[in-house]
Amino acid sequence: MTADEPGAVLKRERVRDFLLDLVESQRPGDPIPSERVLCARLGVSRPTLRAAADELVAAGLLVREHGRGMFVAPEKITQELVSGQQAMTVPRATGTWSSRLLEFTTIPAGARVGRRLRISPAAEIVYVARLRLVDGAPMAIEHLHIKAGLVPALSAGELEAGDLYEHLREQHGVHVREAVQAIEPTVVTRAEAELLDVPELSPALLFERLTSDTTGQPVEYVHSIYRGDRYRIVSRLTLGPSAPVPSAGVGHHPGIPPGDFAHGDTITSSTRGDIQSAP
C-alpha cells in the first residue's frame, strides 16, 4: 500500500502516533530507529512511514540528518506571556542567549521607519542586524532601528555583549518604559534560512516592536524573525484577582533584551490576527 491508496491516511496516523510516543519517551538528540526497522515493526511501507515522519519534521519534533537518519529534535525555546491586572509582564525565555553582529551602520530613516519613530525620512538612524543564538544555536534575526541622536557613541561591543537596554540607560541616558509588540506568522527567505540553519520557506514568527522612553517618545523600531520550529509562545490568562507575583528576574524577552522592562516597567503585548509578509 502506498501513501496515496485508500486506508493510507489511517495507517499514517497510526505511524504518527507511534513516532510521537517514541519522541516523548526519549531525549533531544536521541536517534530514531531506521526506516527499515520501523517499517518492519509497524508493518507499513516506506512511503507511509515517510509521510508520517514528514509531519513530525515539519512540526519541529524530529530532524533528519543526511546519511545519519532521524533524531529527536532539540527542545523548543518557550516564552510565556503572563497577563497582569493592567499590563503584560514577560518572564524570561529559556536557554542561554547571545548575539552575533551582522551589520552596524548609520543610514537615513526612510519613510517607513521614519513614520514609526516620528522623525523625518532624512533623519539618521542607527541600523543594526543581529543573529540571536540560544546555547550556541541560531534562533532569531533582529533588525534594530534606533534614533541616531540618542546614541551618538553606541558601540559594536554594546550590541554583542550584555543587555542593550542597560547600555542605553547607563551609557546613553535613554530610559525605555513601554514596548508595543505584534506577533505574526511568516516564512523565512533564502538569506534568512541560511543564517538560521533551516530550509527556505520554513515557518517562522515575525515580531514587530516599537519601544518608547519615559516621555512617550519612540526610541527604537525592531522587527525580528524567530525560528518556528524552535520557538513557541505560551499565554497564561488570569481570569480573576490573585495575589501579587514577584518579578521573574532578568532574562530574554521575545525580541527584547532584558533591561528597563525587567525592572518593573510596562510591556504592552498584542497579537495581530491578520497575516502579513515580513517587512
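Biologist: Among contacts between residues at least 6 apart in sequence, what share join residues at least 24 apart?

Modeller: That share is 62%, where a contact means heavy atoms within 4.5 Å. Keep in mind that this is a predicted model: local features need pLDDT of at least 70, side-chain atom pairs count only at pLDDT 80 or more, and totals for chains, interfaces and linings use all residues. Residues are numbered from 1 along each chain as its sequence is written, and side-chain values use heavy atoms, with hydrogens and water left out.

Biologist: Fine. How many helices and strands does the protein have?

Modeller: There are 7 helices and 12 strands. Both are DSSP runs numbered from the N terminus: helices are H or I with at least four residues, strands are E with at least two.

Biologist: And how much of the protein is buried?

Modeller: Of the 279 residues, 43% are buried. Buried means under 20% relative accessible area, exposed means over 50%, and partly exposed is in between, with a 1.4 Å probe and protein chains only. As for the surface, the protein exposes about 14500 Å², and carbon and sulfur atoms supply 54% of that. Those areas come from the Shrake-Rupley method with a 1.4 Å probe; for residues, only the protein chains shown count as cover.

Biologist: Which residues touch the most other members in the largest nonpolar core?

Modeller: Val15, Leu19, Ile32, Leu49 and Leu62 do, out of 17 residues. A nonpolar core is a set of buried Ala, Val, Leu, Ile, Met, Phe, Trp, Tyr and Cys residues joined through side-chain atoms within 4.5 Å. Two or more residues each come from α1 (8–24), α2 (35–42), α3 (46–58) and β2 (69–72). The biggest giver is α1, with 5 residues.

Biologist: What does valine 15 touch?

Modeller: Leaving out residues up to four places away in sequence, valine 15 touches Leu42, Val44, Thr48, Leu49 and Ala52. There's also a second, separate core of 15 residues, which includes Leu144, Leu159, Tyr165 and Val222.

Biologist: Switching to rings: how many aromatic pairs turn up in the whole structure?

Modeller: The search finds 5. Rings of Phe, Tyr and Trp (its six-membered ring) pair if their centres lie within 6.5 Å; planes under 30 degrees apart are stacked, over 60 edge-to-face, and the rest tilted. Tryptophan 97 and tyrosine 226 are one of these pairs: their ring centres are 6.4 Å apart and their planes at 50 degrees, so they count as tilted.

Biologist: Where do those two sit in the chain?

Modeller: Tryptophan 97 is in strand β5 (residues 97–108) and tyrosine 226 in strand β10 (residues 218–227), so the pair ties together parts 129 residues apart in sequence. Tryptophan 97 is buried at 16% relative accessible area, and tyrosine 226 is buried too, at 0%.

Biologist: What about phenylalanine 207 and tyrosine 226?

Modeller: Their ring centres are 4.7 Å apart with planes at 65 degrees, so that pair is edge-to-face. Phenylalanine 207 lies in strand β9 (residues 203–213), 19 residues from tyrosine 226. Trp97, Phe207, Tyr226 and Tyr231 form one aromatic cluster.

Biologist: One more spot. Where is aspartate 197?

Modeller: Aspartate 197 is in the loop between α7 (190–196) and β9. Its phi is positive, about 60 degrees, although it isn't a glycine, and it is exposed, with a relative accessible area of 61%. Leucine 201 is in the loop between α7 and β9, has a positive phi near 70 degrees, and counts as exposed at 58%.
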